[in-house]
Number of protein chains: 2
Amino acid sequence: MKKELDPWSNQLVSDYEYLFTEFGLQRMSPALVKALSGHRLYRRGIVFAHRDLDKFLLASEAGKKTAVMTGIKPSSEFHLGSRMTAEQIIFLQKTFGSKVFYCIADVEAYADNGLPFEDSHANAVDNVADLLALGLDPENTFLYKQSQNMHVTNLANIFARKTTLNTLEALYGHQNLALYLAVLTQAGDILAPQLEAFGGPKNVVVPVGVDQDPHIRFTRDLADKFKEEFGFLAPAATFHKFFRALNGETKMSKRDPLGVMTLNDTPELLKKKLANTLTGGRATAEEQRRLGAEPEKCVVFELMQYHFYDEDADLKKMESDCRSGSLLCGECKAIRLKHIQDIFKKHQERKKKLLPKAGKMLEMPIAFKKK
Amino acid sequence: MKKELDPWSNQLVSDYEYLFTEFGLQRMSPALVKALSGHRLYRRGIVFAHRDLDKFLLASEAGKKTAVMTGIKPSSEFHLGSRMTAEQIIFLQKTFGSKVFYCIADVEAYADNGLPFEDSHANAVDNVADLLALGLDPENTFLYKQSQNMHVTNLANIFARKTTLNTLEALYGHQNLALYLAVLTQAGDILAPQLEAFGGPKNVVVPVGVDQDPHIRFTRDLADKFKEEFGFLAPAATFHKFFRALNGETKMSKRDPLGVMTLNDTPELLKKKLANTLTGGRATAEEQRRLGAEPEKCVVFELMQYHFYDEDADLKKMESDCRSGSLLCGECKAIRLKHIQDIFKKHQERKKKLLPKAGKMLEMPIAFKKK
């Protein structure tokens with residue numbers, strides 16, 4: 001039974017198996033995991049699937065130029081999901097020398113959220129400072145706003161010519177025109193790095209959450225349809241699992257601000273959020289000491305596994321202390337909180353210094369005022 | 001019975017009456033005709049209907065800034081239809097000091113005709129030289145390519161948010177996505193002159209062939225929907241009648257090159273085309289001398305009336321010579337040919353000198369090569 005992914009819901013996908021059999025996702029082979037083992041997200045299977053990543057790596061090994069493409073809708077602060085994608089592009093940039101193409105989707109922020117370009121500009125500067133603080137090399141990055149990159153909108157128009165409404169409806173259901181247009185624009189974002197203006201056809205990888213796979217499939221089909229005209233190679237993609245919201249119920253999403261950590265959170269706010277985070281603890285302290293707790297149910301564990309413990313040894317110790325019952329959830333949270341607060345503090349210090357640079361990297365919005 | 005206009009067919013509309021009753025076109029009042037009587041197209045009722053032109057004229061009389069908007073798809077040379085629209089914008093520019101916004105629809109030429117930007121650039125330069133030779137004041141004109149005007153594409157994206165597929169289907173029938181996108185982009189072209197970047201809300205008039213009224217209605221609805229956000233005034237429009245192809249059968253269209261005069265036609269080609277033009281002549285010379293010919297059936301007469309005789313006296317003489325039977329069609333054609341050849345010769349001389357200026361007015365296409 002085919003169950004299509006929905007890039008716009010915040011439904012939590014927990015069974016990933018059918019994606020391999022129904023939609024042809026490729027599993028991460030041991031060789032691929034090894035090639036990327038320098039980062040916890042690949043080593044721990046959080047990035048769990050791909051399309052054509054092997055081709056991307058072969059091209060890179062052969063000394064060819066490669067690129068990594070991603071973007072952000074500048075409608076809010078960086079949350080942990082944005083950070084996870086950012087970590088991947090920065091790691092790929094460092095490891096393979098790939099050029100990063102980073103799209104600030106301000107047109108989408110306007111169309112979806114009614115956020116005027118002037119307003120999304122401030123968010124964009126904040127987001128870019130986060131990227132720089134996380135280690136993005138600005139010298140090997142093409143950073144752009146959708147509202148200012150005609151290459152992308154022109155491609156969207158050209159792609160529309162070979163896109164039927166039926167195709168879009170099959171992928172996304174019956175949606176409004178703005179959404180279909182956003183899909184075409186995203187395809188433009190992903191394929192633009194292969195235009196002559198950016199050095200021509202090349203292997204590009206797009207790291208995404210698995211719910212974005214419909215976009216990837218749609219874009220790969222377009223690459224094929226316009227292969228003769230533009231020489232496009234089908235873009236590669238990697239897919240990471242959803243991270244749950246802190247309440248453990250839905251995937252982490254900007255739409256649920258209470259369940260999300262953002263990179264600007266203060267130590268106090270982090271403390272409050274962590275206090276409310278779901279654990280795998282037992283009903284009573286006595287029971288927990290006797291049976292141990294359940295890390296696989298615990299969002300605090302998932303936080304450290306996905307986001308905050310780079311060292312496998314740290315994670316292993318956390319897990320064994322949890323399972324053995326030697327550490328109760330309150331004590332555990334206090335230890336993790338300190339670690340997370342420390343990471344945020346250092347990040348925010350770096351970021352503060354980088355804000356002026358981020359501002360310079362982004363053109364001011366073109367005059368497009370509301371009345 | 002509602003009969004929707006089709007902006008993409010080359011069907012000839014000959015009964016215009018239902019457009020007033022069914023679609024709310026406004027008749028040109030004597031006062032409006034008088035205000036515009038300096039140009040044959042208004043004086044002779046070729047521009048026969050409008051929407052809100054009275055408001056445009058009132059604003060102009062009140063000393064407010066006004067604008068005229070039109071454009072061309074740079075897929076071929078200027079034909080007489082393009083010239084007719086160009087004459088109107090130039091007349092309005094001269095008469096009311098309105099700023100002309102002129103769009104080179106190269107994205108549409110790419111999407112519709114597969115014409116790469118590099119190729120349409122040459123056509124665009126040629127088209128703009130025609131505009132200058134016809135008298136366009138470049139100092140009071142904003143000339144742009146769709147592929148380079150982010151204001152327009154950003155508006156198209158914003159408009160998509162409040163446009164349902166049902167609305168587009170009702171107006172245009174079930175069409176492909178590229179066409180719907182072109183419609184949104186055209187709405188962006190028409191409303192962009194009212195953005196703050198171009199001086200804010202103002203009265204804008206769009207001279208079009210009557211088959212384009214669905215675009216006008218659609219854009220006026222959008223202006224209303226986004227009135228609060230951008231302060232848009234509903235754009236005004238004037239509507240001209242179709243000019244028949246030289247064979248007298250369909251409206252003049254780029255799609256039928258044999259039935260069309262283009263402004264680059266040589267004297268020999270003009271001669272050939274005019275020789276093949278439908279007349280209102282009788283079966284025999286004897287019959288024609290006795291009964292006179294029928295100018296209302298004659299495309300040569302229509303040519304002079306619509307396009308080539310500015311002086312009403314010249315047209316009147318042509319008509320009376322025709323009706324009286326004193327001038328046979330062959331003799332008549334020889335006289336008109338000389339007049340048309342003369343106009344073309346002078347135009348082409350002016351144009352030749354203006355080609356370098358036209359080239360400078362248009363930015364070279366952004367790097368967007370085919371593989």
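## Exercises on a predicted two-chain model

Leu303(B) is a residue of helix α15 (residues 299-308) of chain B. The model is predicted.

**Exercise 1.** Classify Leu303(B): is it buried or exposed?

*Solution.* Count the other C-beta atoms within 10 Å of Leu303(B); there are 22. The cut-off for a buried residue is 20 or more. Leu303(B) is therefore buried. As a further step, take the C-alpha atoms of Leu303(B) and Asp15(B): they are 288 residues apart along the chain and separated by 20 Å.

**Exercise 2.** Determine how α10(A) and α11(A) are oriented to each other, and which residues meet.

*Solution.* Start with the axes of α10(A) and helix α11 (residues 213-225) of chain A, which come within 10 Å and cross at roughly 65°. Angles of 65 to 115 degrees count as roughly perpendicular, so α10(A) and α11(A) are roughly perpendicular to each other. Their crossing is right-handed. Next, list the residues: from α10(A), Val183(A), Gln186(A), Ala187(A), Ile190(A) and Leu191(A) meet His215(A), Phe218(A), Thr219(A), Leu222(A) and Ala223(A) of α11(A). Sorted by class, the residues of this contact are seven nonpolar, three polar and no charged.

**Exercise 3.** Describe the side of chain A that touches chain B by helices and by residue class.

*Solution.* First, the count: 34 residues of chain A are in contact with 34 residues of chain B. Second, the helices: at least two residues of this side of chain A come from each of α6 (106-113), α8 (150-160), α10 (177-191) and α12 (227-230). The most, seven residues, is given by α8(A). Third, the classes: this side of chain A has 18 nonpolar, 10 polar and six charged residues.

Notes. Residues are numbered from 1 along each chain as its sequence is written. Chains are lettered from A and ligands numbered from 1 in the order in which they are written. This is a predicted model: local features need pLDDT of at least 70, side-chain atom pairs count only at pLDDT 80 or more; totals for chains, interfaces and linings use all residues. Two residues are in contact if their C-beta atoms, placed from the backbone, lie within 7 Å. Helices (H or I, at least four residues) and strands (E, at least two) are DSSP runs, numbered from the N terminus. Ala, Val, Leu, Ile, Met, Phe, Trp, Tyr, Cys and Pro count as nonpolar, Asp, Glu, Lys and Arg as charged, and the others, Gly among them, as polar. Axes are lines fitted to C-alpha atoms, for helices over the stretch in contact, and angles run from 0 to 180 degrees between N-to-C directions. Angles under 35 degrees count as roughly parallel, over 145 as roughly antiparallel, 65 to 115 as roughly perpendicular and the rest as oblique. A crossing is left-handed if the near helix is turned anticlockwise from the far one by less than a right angle, and right-handed if clockwise. A residue is buried if 20 or more other C-beta atoms lie within 10 Å of its own, exposed if 12 or fewer, and partly exposed in between; C-beta atoms are placed from the backbone.
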